[in-house]
Amino acid sequence: MNRRNVILGISIVGALIMGSLSGCSSEEKPPAVNNDTSSKQSNLQKYTKYPEKHGNQDEDFDLVGTLDKETKDELILTIDNNKVTIPKRNTFKKEDAISGDIKGKLVKVEVNTKDQNAKSLELTPQAKANDDGIYEKESDGDYKVIGKLISETSNEVTIEVKNGKNTYKKTMDFEKDDDNTSQDIQDKLVRLEIKKNNQVESLEIELEDQ
């Protein structure tokens, strides 16, 4: 075998070795898919007050809790003794009525199901209510109240607020909306719509208030 053939043979062997190494490199396992988003999604949805929202991928959902901290990028709530961190969306917005520091207040945060980011924040009726339970007033004199239901008769509704117990007479067209719960609502927080003559025209119970 002449020198030329020896060199040619060495070159061929070297090429084969390099090809083999290249093949091994291309067969390496692809990087693992990060499933952190789905994990966060499950963890956040389990804190909603509405059971039908658990695991629902089609609708946004609300989280109600005490605001512990707010930064430029995230919110931290206490929900049922759990610290829950919610990243903010770029389009995150607060209720117009909010002003000043609301740390320690009960808030409601709307969360986007897909990316698990906070879309908006607002104070709950409990956080807005004054000592008489009034959390919203209309320009025509009507107002809304939240308080613990003490009793209800065919003619009256009695609730308890910070200032004590208030009794309201029902209007002729009084309506009651308790479709969200099949339980006895006595001693539960209820929302009342009161006419300017101090008669109650509707009673509603919301799971997020409980």
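Residues are numbered from 1 along each chain as its sequence is written, and side-chain values use heavy atoms, with hydrogens and water left out. Because the model is predicted, local features need pLDDT of at least 70 and side-chain atom pairs count only at pLDDT 80 or more, while totals for chains, interfaces and linings use all residues.

Trainee: How many helices and strands are in the protein?
Mentor: Helices (H or I, at least four residues) and strands (E, at least two) are DSSP runs, numbered from the N terminus. From that end, the elements run α-α-β-β-β-β-β-α-β-β-β-β-β-β. The protein has three helices and 11 strands.

Trainee: Which residue in S4 is the bridge partner of Asp 62?
Mentor: Strand S1 (residues 61-70) and strand S4 (residues 106-111) run antiparallel. Six bridges join S1 to S4. In S4, the partner of Asp 62 is Glu 110.

Trainee: Is Asp 80 buried or exposed?
Mentor: Asp 80 lies in the loop between strand S2 (74-79) and strand S3 (82-94). Although not a glycine, Asp 80 has a positive phi of about 50°. Buried means under 20% relative accessible area, exposed over 50%, and partly exposed in between (1.4 Å probe, protein chains only). Because its relative accessible area is 57%, Asp 80 is exposed.

Trainee: Why does Asn 198 count as partly exposed?
Mentor: Asn 198 is located in the loop between strand S10 (189-194) and strand S11 (200-204). This residue is not a glycine, yet Asn 198 has a positive phi of about 70°. Asn 198 counts as partly exposed because its relative accessibility is 42%.

Trainee: What separates the C-alpha atoms of Thr 153 and Lys 170?
Mentor: Thr 153 sits in the loop between strand S7 (143-152) and strand S8 (156-161). Thr 153 counts as partly exposed because its relative accessibility is 41%. Thr 153 and Lys 170 are 17 residues apart along the chain, and their C-alpha atoms are separated by 9.2 Å.

Trainee: What percentage of the residues of the protein count as buried?
Mentor: The protein comprises 210 residues. Of these, the share that counts as buried is 34%.

Conventions
Pairing = 2+ DSSP bridges.
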